[in-house]
Amino acid sequence: MASVLTVPAVRGAPNVTLLWWGGGTFAGSLLLPWHRPGRDIFAFVPGTTGLALAPSSPVMVAVLVAGLATVLLALLPRPDASRGRLAIVVAGIGSILATGYLVAAGRPLSAGPVVAILGFMSILGTGLALSGVLRVDAFLGGCILWVSVFVLAFILYPLWTVLQASVFVKGRLTLAVVVDTLTSPGFLLINNPGTPRNETAIVLWFGGFVAVLAFAMLLRRGIRRAVVVGLEAGVVGGILAALYLGYGALRNSVLLAVVVGTCATAIGFAFALLAERSQLRTRRLLGPFSILPIITPPFVLGLAMIYMFGRRGFVTYGLFGLSTGIFFGPIGVAVAQILAFAPIAYLVLEGIVQALDAALEEAAETLGASPWYVLRTVIWPLARPGLANAFLLVAIESLADFGNPIILGGGKGFLATEVFYAIIGRFNPNEAAVYGVVLLVMTLSIFLIQRYWLGRRSYVTVTGKPSGARSRALPKPLDYVVTGVFVFWALLTLSLYGSVFMGSVVKLWGFDYSFTLAHLRSLSPQGWNVFWTTTKLSAYAAVPSTLLGFLIGYLVTRTQFPGRSALEFSSMLSFAVPGTVMGIGYILAFNQGTLLLTGTSVILILAFVFRNMPVGIRSGVAAIHQIDRSLEEASTMLRANSALTLRRIVMPLVRPALLSGLVFSFVRAMTAVSQVIFLISPQHNLATTQILSYVEYGSHGRGAALASLLTVFMILVIMALYAVNRRLDMRAAREASIS
Amino acid sequence: MRRMLLLVLAVIVASLGVVTAAPAGKVTVLCSPNLAWCDAVKAEFPKATGLAFEYVRLSSGEALARLRAERQNPSFDVWFGGTGDPHIVASEEGLTEFVQLKAWNDLRPELREAVGRKYIPLYAGILGWAVNEKLLKEKGLPVPQTWTDLADPRYKGLVAYPNPNTSGTGYTMIATIVQIYGEAQAFDLLKRIHRNVAQYTRSGAAPGELTGRGEVAIGVTFIHDAVDQVLKGFPITYNAARNGTGYEIGGLSLVKATPNRQNALAFMEWALTPAAQSLAGSQGQSYQIPSNSKTPVPSVAPRFQDFKVIKYDFAKYGSVDIRDGLVRRWTREVETLPK
């Protein structure tokens, strides 16, 4: 591969790539400003160009010299390998000095250093390619380094600051905040001082009892197995008892994540069966209904829950005359989240159910297995990875969501809301960081439990060999029951969204249902401005997010370089960690000094880009896998470099995937909350956080109006996508957007 | 394809230009009163001065947190409205500064004396509660008369008050109870009230809204916010504890490190004029007592002589240690208590 990629050059001829990048880096660092005043991102301060700074700063001189040296290097006749090695040295020194200069200066950076550092990265990449250290060409070498710089700066560094802030308080290493936060009753309280019994003891006794019971039951099958399973059962029993009896944010969040994860996965699986195997027409409705909660912010359902099931709700009070606060609290939050996140589980599981080979089930039946036995021994093992994956995704979404807990939680603490109050209410970043670390650890443990549960078995059913069996129908009674569940779910979703639309045009929900346009009118001017800002920033973010994602997808599927899987892992990280954690990371990392970005539009765009980039990676990887490598090789044979190959061969072939990646990056940015709520500023407010604050400050009507506007707009965007690109594989796109 | 890309790029660059083209003069404000008042100021201030007005609505506790977060690089020029205690904290921490404005001598002397040159008084409002008597009647319960009544187990799930972490109103309530009962007894009372609380809200006006909508029967809030609910047609009445209630002196402060001092001062001068202050009642749905004695008091505004208002010690309960200490104690001992 490498021998094909390195374009043979005439020995000693000037290297055009190095010439351009060297000249660009030099000119950029010389003429562009290195600093800016405060938050004014686009300000041009003539006094801070490299030219102006050089006389007083030897480091700046060295940076400029490194740029010039590259130009010389490109012109001097030298063999590629030694030119490459020299370029590595020059660019290495240049980038280290430029970074060092910025850190030492501690002032907000401007365009100059961005150009300088990325320029040196390109030179370094070219050097690595020329010298043969990396087996790629100059373009891809540069790409790898650029992407690494981005991932380091905007994913790993913010996460690192979260870890750091949890143990570094005012410059001192201390565990005080960790201990203080974790021992606070708001975090976890098992023994309720208000009751005479000792709950901690009950939990321990129960755990011990379950352990002994499991041990005794399994003793016949061998002592070792009995001990292991007994311990596991004891721990699980103890945790369940603690969840049942305990209090505090940790218990609430875990319980919520477990309940929502389980219910949403079950519903998602039922719907997936329905979509693939139902005989009834209603299955066609699954598509539109499953996409609706994905393209709207989850807390819209929370708002609707108040409208329909609150103490003065349309259903609870209006129809049944009940005055109950039961849905005002964890139950309401759970219902809203299940409705919002079941579609995610459905989209993951749809593919799994589709891939189930009916021939296996027929074979089992022919051998005399009962339907129940088939389910247990054929379908269940095959669906397990999908179920685990769906559970993981839903649980993470539930942990990160704080719109619903804050609207409906009735003052109960959840981890996400605690983070919110620590930052927004008390500005105690250390405490927020501790909660962030807890969320990280929990995400990681769900992931590990999933791995442990799945083990290392192979679940391959798609072998490429044609399967003889046609898709199997669900048994009639089951079909009717599951369809009934779906119809109920669809009606519920429809009425909830309907209530939000209604809420935006009636005077006062619950009292005065007369028609008014006052709420919609009151959106002017602020609501409209916010909506426009959101649309604009999301659109700006969608393009780099998709392109960057696609590029990473290409790099990890088509090239070999050291650190490739680390790059893939870290770029997916921003997606796997709860948005709240990334939000704290951004506010901690970009609030002062060189990287000051808070309060600007740029930080919102960056947050969107790196949060949604994995959407692009997933759809990119999936699309690229379908392209035969020989096409690219043919292009390379005809002496196209990889940039040209990417643009002329690969990009046109994956255009549908790119387009849907683009749209879903946009949609996700428009509906994001958890991460960006910490990053908004007066000039750059977002629709989701605005709806949330309207609702919290009591202007439900206005909140509903803006939420309706957002929902309608999202539906239009998705319909436009369908219209523009009919051939598009929507399912693949949607899956990419969530998994 | 290439032409399309160029077009898209051109549009993006052009609109970026629009984004960065800031108006000639503007003032960026942390706005803590209710949205309607902030919107009214946004509409009227540019007409009066030609300066643009940008704001973020944050409750006073949140506004203080925001100022602390942006200590080194403030993005706000002025903090407009909100309860006084966090204004005093901000002033003590050097986040804001007191400035002598032209209208200083027109301000009501009792308000000037109470805050002691820590910030500029903007209005005064009395703490009380909104009551949904219909809901209480359905449950056969009497209207509460004192703070202790709120702890009556019969009100379980029917009380809301603001979270002092985010809301200045919430802190005013806690400080009031502490001043009436003494700290130990006050926290004992708060713990008992906790068992009745359906929700701790993020903002100070929200309990009134919840009461209006019938989500709860009693919402602790400033009475002028309850008046707003009544005028909007919600079926509620308002009241205050017979054994004494607290009050707020809403504040106006200059953010110390702002680079935009000139415009900030222009805004503050304007905000104290009778014309600007009467916006609160006429368009802002806010019925406090305005601080400028020349501003007409809205006819519906709750008056101090009608309630038993305690002598609220602003200097003490606005000090950093006392405020942060009480909020922290409440968060650890009350909010997290199992119900």
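Predicted model: local features only at pLDDT ≥ 70, side-chain atom pairs only at ≥ 80, totals over all residues.
Residues are numbered from 1 along each chain as its sequence is written, and chains are lettered from A and ligands numbered from 1 in the order in which they are written. Helices (H or I, at least four residues) and strands (E, at least two) are DSSP runs, numbered from the N terminus.

**Helix packing in chain A**

- Two packed helices are described by the angle between their axes and the distance between the axes. Axes are lines fitted to C-alpha atoms, for helices over the stretch in contact, and angles run from 0 to 180 degrees between N-to-C directions.
- Helix H2 (residues 16-31) of chain A packs with helix H4 (residues 58-75) of chain A at an angle of about 160 degrees, and their axes are 8 Å apart. H2(A) is therefore roughly antiparallel to H4(A); angles over 145 degrees count as roughly antiparallel, under 35 as roughly parallel, 65 to 115 as roughly perpendicular and the rest as oblique.
- The crossing of H2(A) and H4(A) is left-handed, a term used if the near helix is turned anticlockwise from the far one by less than a right angle, with right-handed used if clockwise.
- Residues that make this contact include Trp21(A), Gly22(A) and Phe26(A) of H2(A), and Val63(A), Gly67(A) and Val71(A) of H4(A). Two residues are in contact if their C-beta atoms, placed from the backbone, lie within 7 Å.
- Twelve nonpolar, six polar and no charged residues take part in the contact of H2(A) with H4(A). Ala, Val, Leu, Ile, Met, Phe, Trp, Tyr, Cys and Pro count as nonpolar, Asp, Glu, Lys and Arg as charged, and the others, Gly among them, as polar.
- Helix H5 (residues 80-105) of chain A and helix H6 (residues 111-131) of chain A cross at roughly 155 degrees, and their axes come within 7 Å. This angle makes H5(A) roughly antiparallel to H6(A).
- H5(A) passes H6(A) in a left-handed crossing, and the residues of their contact divide into 16 nonpolar, eight polar and three charged.

- Strand E3 (residues 506-508) of chain A runs antiparallel to strand E4 (residues 512-515) of chain A, and two bridges join them. Strands pair if DSSP finds at least two bridges between them.
- Val506(A) stands opposite Phe515(A) in E4(A).
- E3(A) and E4(A) form a hairpin with three residues between them, and Gly510(A) in the turn has a positive phi of about 95 degrees.
- Lys170(A) is found in the loop between strand E1 (168-169) and strand E2 (172-173) of chain A. Phi of Lys170(A) is near 50 degrees, a positive value in a residue other than glycine.
- Phe44(A) is placed in the loop between H2 and helix H3 (50-53) of chain A, and counts as exposed with 12 C-beta neighbours inside 10 Å.

**Where chain B meets chain A**

- On the two sides, 41 residues of chain B are in contact with 42 residues of chain A.
- The elements of chain B that give two or more residues to its side include helix H1 (2-20), helix H3 (60-69) and helix H9 (206-213). H3(B) gives the most, with five residues.
- By class, the side of chain B that touches chain A has 14 nonpolar, 15 polar and twelve charged residues.

**Buried sites in chain B**

- H9(B) is mostly covered, as eight of its eight residues are buried; among them are Pro207(B), Glu209(B) and Arg213(B).
- The buried residues of H9(B) pack against elements that include helix H30 (687-696) of chain A and strand E8 (218-222) of chain B. Gly214(B), which follows H9(B), has a positive phi near 80 degrees.
- Ser167(B) lies in the loop between E6 and helix H7 (168-181) of chain B, and counts as buried with 30 C-beta neighbours inside 10 Å.
- Leaving aside its neighbours within four places in sequence, Ser167(B) is in contact with residues including Ser59(B), Pro162(B) and Arg202(B).

Conventions:
Buried ≥ 20, exposed ≤ 12 C-beta atoms within 10 Å, placed from the backbone.
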